[in-house]
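Here's a quick tour for anyone meeting this structure for the first time. Have a look at it, then read on.

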Amino acid sequence: REVLKSVQEISLSDAIKSVLIGLTSGFFTPNRVGEPVGRTFILNDGNKTKGVICSLICTLSQSFATLFFVCIACVFAREFINESSEVVLIRHLGIIATIVVCLLYFTLPFWLRMLKLKNENLQDIARAISLITYVSLLKISLYSIIRFAVYSFQYYLMLRFFAVDITVQQAFIFIPINYFLVSIIPSVAFAEIGIRGSSAVLVLGSITNNTVGVALSAVGLWFINYVIPMLIGSLLLMKTERNEKNTNTLG
């Protein structure tokens, strides 16, 4: 909702609806690439392309939050992971990636103001993004960090529920690494349940023998935070399409 201010004002209920419909559209595409497109379903026809770009900015913000926590996790992972040259290299690459994403994210409106694009559609997109204020970008970044922290805390509670013996410090280190690994593995929603379970066992299996509990935690969290909202989004999508169809018929 915050990033769409420069494109179209929408209510909080419409913003929630767009997120749920986006989850539904992302279910059928690799790595949920269709999610930003689905979020524009409630926008006016002339604003849909701009809405997709704004949704991608939110995705970039979430990537920044993930990299931010991964870098912190890698710094504190020394007592759990041997300091091999590979680990040091990965840590340095993660720090560099975080800096690059951060600079790109916070300077994107500035660079788009400087661009002189000939294509009229591209000009409209660049103009919409350039109108996003730095205050809005900071707010979106804060929301992304809070979202990641909430998801991580949910993960910790789920692990404890399935009797996985893990400390808060271990969770702070290994959960972000697991999220990062899941985010970079190519997948489709149908295979995501297996990927999330396998990734969790690979990462968290190094600190616990309860691999069944680790896998069930990953699957349970995926079901709560993705499957249930996606099903709600599919119902909203069908209801919206039915209403539009009825309106067109009456018209």
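## E35 and its contacts

Setting aside neighbours within four places in sequence, E35 touches G22, L23, S25 and G26, where contact means heavy atoms within 4.5 Å. This is a predicted model, in which local features need pLDDT of at least 70, side-chain atom pairs count only at pLDDT 80 or more, and totals for chains, interfaces and linings use all residues. Residues are numbered from 1 along each chain as its sequence is written, and side-chain values use heavy atoms, with hydrogens and water left out.

E35 itself sits in helix 2, residues 35–38. Its relative accessible area is 10%, so E35 is buried (under 20% relative accessible area, with a 1.4 Å probe and protein chains only). The side chains of E35 and R39 are joined by a polar contact of 2.9 Å. That term means a pair of N or O atoms within 3.5 Å; within protein, one must be able to donate a hydrogen and the other to accept it, and residues adjacent in sequence count only if both atoms are side-chain atoms.

## Helix 1

Now for helix 1, residues 12–26. Its buried residues are A15, S18, L20, I21, G22, L23, T24 and G26.

## The whole chain

How many helices and strands does the chain have? There are 9 helices and 0 strands, taken from DSSP runs (H or I, at least four residues, for helices; E, at least two, for strands). Of the chain's 251 residues, 41% count as buried.

Methods: Buried means under 20% relative accessible area, exposed over 50%, partly exposed in between (1.4 Å probe, protein chains only). The expected span of a helix is 1.5 Å times one less than its number of residues.
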